[in-house]
Amino acid sequence: RERGLRLLLPAVASPYVLRLLFAASGAVHRAGAATLPPSALTQFAAALASQVLQAYSKAAGTADAASEKGVLQLLFDVRFALDVLRGGSEDPGA
């Protein structure tokens, strides 16, 4: 049996990302999500995505992210958060 590279990939976003997205969702609903114009929601999601990228760029340089496991979790978290903020669309431009 040949041994190869084995990566244990994250299966779920970190609690930090889940709390952030839940809080953002709550803020949108308290602001009257059903009555907000789609452009306002798009701008909110874009601003939040920018903040997520900045925070995770900063976190990537910390000791916690130095391990392979930490880096993989950071990448998974960023991808998950951006996918949610994009509305699950496969097209990054959507």
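**A close look at helix H2**

Author: Happy to! The buried residues of H2 pack against H1 and helix H3 (68-85). Please keep in mind that this is a predicted model. The chain has three helices and zero strands, and along the sequence the pattern reads α-α-α.

Now to H2 itself. Helix H2 covers residues 38-59, 22 residues in total, and spans 31 Å from its first C-alpha to its last, close to the 32 Å expected at 1.5 Å a residue. Its buried residues are Ala45, Leu48, Ala49, Val52 and Tyr56. Viewed down the axis of H2, these buried residues fall within an arc of 110°, so they line one face of the helix. On the face of H2 turned away from its buried side you will find the exposed residues Gln43, Ser57 and Lys58.

Tyr56 also leads us to another spot worth a look. Ser14, in the segment before helix H1 (15-30), is in contact with Tyr56, Gln73 and Asp77, leaving aside its neighbours within four places in sequence. With Asp77, the Ser14 side chain makes a side-chain polar contact of 2.7 Å. Ser14 has a relative accessible area of 15%, and because that is under 20%, Ser14 is buried.

Stepping back to the whole chain, buried residues make up 22% of its 94 residues. Among contacts between residues at least 6 apart in sequence, 69% join residues at least 24 apart.

Terms used: Residues numbered from 1 in each chain as written. Predicted model: local features only at pLDDT ≥ 70, side-chain atom pairs only at ≥ 80, totals over all residues. Heavy atoms only, no water. Helix = DSSP H or I, 4+ residues; strand = E, 2+ residues; numbered from the N terminus. Buried < 20%, exposed > 50% of the residue type's maximum accessible area, 1.4 Å probe, protein only. Polar contact = N/O pair within 3.5 Å; in protein donor to acceptor, adjacent residues only side chain to side chain. Contact = heavy atoms within 4.5 Å. Expected span 1.5 Å × (residues − 1). Arc of directions from axis to C-beta.
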